[in-house]
Amino acid sequence: MNTSGATLDPDVPKKKLTKESFRQGLRIFRFTLPYRAKFTVGTVLLTLSSASTMAFPWLIGKLADAASGNPVVLPNGTAVSINQIALGFGALILLQGLFSFGRIWFFTQVSEFTVRDIRQALYRKFVTLPIPYFEKNRVGAITSRITSDVGIIQDSFSLTLAELFRQVTTLLAGIVFIMIVSVKLSLFMLLTFPPIVVLAMVFGKKIRALAKTTQDELAKTNVIVEETLQGINTVKAFTNEQFETQRYTTSLTNTVRAALKSNLYRGGFVSFVIIGLFGGIVLVLWRAATLVQAGQMTIGDLTQFALYTMFIGASVAGLGELYGKVQSTLGASERILEILDEPTEPTHQPGAQPVQLRGNIAYEHVAFQYPTRPDLTVLQDITFSIRAGEKIALVGPSGAGKSTIVQLLMQFYELGGGQITIDGRPIQSYDLTELRRHIGIVPQETILFGGSIRENIAYGKTDATDEEIKQAARKANAWQFISSFPEGLDTLVGERGIKLSGGQRQRIAIARAILKNPAILLLDEATSALDSESEKLVQGAMDELMQNRTSIIIAHRLSTIRKVDKILVIDGGRIVEEGSHDELSEREGGLYANLLRLQFELS
Ligand SMILES: Nc1ncnc2c1ncn2[C@@H]1O[C@H](COP(=O)(O)OP(=O)(O)O)[C@@H](O)[C@H]1O
Ligand SMILES: [Mg+2]
């Protein structure tokens, strides 16, 4: 059995770039496949805009040549004037503007549509994951997949990918161009410049790590302040003011030490940049100047060379930054794919035959433990049966396992042993959606979704007519309060709407269940959170609801279950007593008789 899946790590560290993580991460590209035409156009435009950017230094060099009296000639021999070069430049800039616009437009479309599809796939996955998945993973960790991880993917489809492409092409084209300008100078530059840039990147990484250490140390000191101030009574009662001050001082000293170390490297970095990077530039310029003097280069060549070198330097630095982005993109896509690969519950299977349930239920030696706590046996040897239309009640101390018994019928979890049958068929053999369609549940606390009362009732049958909804509300004793609202069924509830009382919410839940018209009804302490006034109204509504349905009632107040066909007393995950109210209440020393007496004394 593996319906529960793995746990999510909420703060997974960035992925190391390995072949495997690349292969995994690239699978996210399957979501762009429907938009590959747009993607291709975007890529072509990106190539064109990168190419036109690379032409800038070339033209600037030519302008410098033309200005300094070196004739600029086309391959066919005609000389070109400064004005003509400037005109060509203008045209290029116009084109560049157009290309950039188009590239952004097309890539944004790809990224927006792709991200919509990923979110949709994730959401569909979320709602079809089995319940244990949500018990093993925190909701925050799950939702961050659909928010921040998808956000990272969006960034990379709209920006990072294009940036990466551009930087790589700039780097390669830049190197080709400087080679064309001057092979000698290029080799000289490539031997000095990139090693310095790489060193700078390594240096930068070390500094970031040290800065993080400083932050961590500082966080530790803050924890001390918080702890001691929150527990100030304890500090004083134990007269530990001096001790705590000492502890804080020690921690502060550590922070200072870490900060100084980090700044030592930072200072080193700055002087390294000044000496190393600018020194390198001076070195290259010096070499270039000697070449110009020797007539091996023109001023225009020098200009081109210097500009391309700057492009190359910028793209190397940019690639360093992009490396981190690529890492987080791969990490994000891996986490997204991990969820998409989770096995889902088999709901909404195509071609499922509608079933009609009569509502004969039998539990046979059912054993169970929750997947999150496999070592704790929650239910043992639960055996009972209900004939269609009968009502039984489960009573017993809290934590006995009553709610668990009821939830197993919905197949929220797999059984640990035994089996449950409905109309003689094991519940696993039913189509899950069909099975749940015939089971209605009214829980202890009803959650209403943000929206109108109408929508909340219609949750039991999304295509219900107005008349059906009103009818259900009347049967649920809810119509009276609904019609007293000025907006009636359209009254908004939930976060942005009015707040309904517990009893009103329960009656809406009952109206929902009435609309759903299930063969089997589960009432899990549906009235226990209510005051006795609203309990009466809700109880009346429930009596209406239970007519002609197989019902399992978990009752907190024993007075509400006198009329049921059978009462099961549950304790410690077992059925300890079984019988009618009259039989059980007369059993000397029985748990039910005891509970009855306790409640009688309390009321
Ligand atoms: N979702 C869950 N995950 C793990 N343990 C649970 C879960 N729900 C209930 N339990 C445990 O199972 C036992 C039975 O709980 P429950 O069926 O809710 O009892 P009752 O409804 O009788 O008060 C308790 O020990 C409870 O702590
Ligand atoms: Mg319960």
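Predicted model: local features only at pLDDT ≥ 70, side-chain atom pairs only at ≥ 80, totals over all residues.

Biologist: What percentage of the 603 residues in the protein chain is buried?
Modeller: A residue counts as buried if 20 or more other C-beta atoms lie within 10 Å of its own. Over the 603 residues of the protein chain, the buried share is 29%.

Biologist: What radius of gyration does the protein chain have, against that of a compact globule of 603 residues?
Modeller: The C-alpha trace spans about 120 × 70 × 50 Å along its principal axes. For a compact globule of 603 residues the radius of gyration would be near 25 Å, but the protein chain has 37 Å.

Biologist: How far apart are the C-alpha centres of domain 1 and domain 2?
Modeller: The chain is divided into domain 1 (13-182 + 322-344), domain 2 (183-296) and domain 3 (361-602). Between the C-alpha centres of domain 1 and domain 2 the distance is 30 Å.

Biologist: Why does V316 count as buried?
Modeller: V316 is part of helix α9, residues 299-340. Leaving aside neighbours within four places in sequence, its contacts are L171, P194 and V197. The cut-off for burial is 20 or more other C-beta atoms within 10 Å. V316 counts as buried because its number of C-beta neighbours inside 10 Å is 20.

Biologist: How far is the C-alpha atom of V316 from that of D524?
Modeller: Along the chain, V316 and D524 are 208 residues apart. Their C-alpha atoms are separated by 64 Å.

Biologist: Which strands stand at the edges of the open sheet?
Modeller: The sheet has 6 strands in the order β8-β11-β12-β5-β13-β14, with mixed pairing. An edge strand has a single partner, so one of its sides is left without a neighbour in the sheet. The twist from one strand to the next averages 20 degrees. The strands at the edges are β8 (439-442) and β14 (574-579).

Biologist: Which residue in β13 is the bridge partner of L394?
Modeller: Strand β5 (residues 391-395) runs parallel to strand β13 (residues 566-571), and 4 bridges join them. The bridge partner of L394 in β13 is L568.

Biologist: At what angle does helix α15 run to β8?
Modeller: Helix α15 covers residues 502-516 and lies across β8 and β11 (520-524). Its angle to β8 is about 175 degrees.

Methods: Residues numbered from 1 in each chain as written. Chains lettered and ligands numbered in written order. Helix = DSSP H or I, 4+ residues; strand = E, 2+ residues; numbered from the N terminus. Buried ≥ 20, exposed ≤ 12 C-beta atoms within 10 Å, placed from the backbone. Contact = placed C-beta atoms within 7 Å. Domains from an automatic or database assignment. Rg over C-alpha atoms; globule rule 2.2 N^0.38 Å. Pairing = 2+ DSSP bridges. Axes fitted to C-alpha atoms, helices over the stretch in contact; angles between N-to-C directions.
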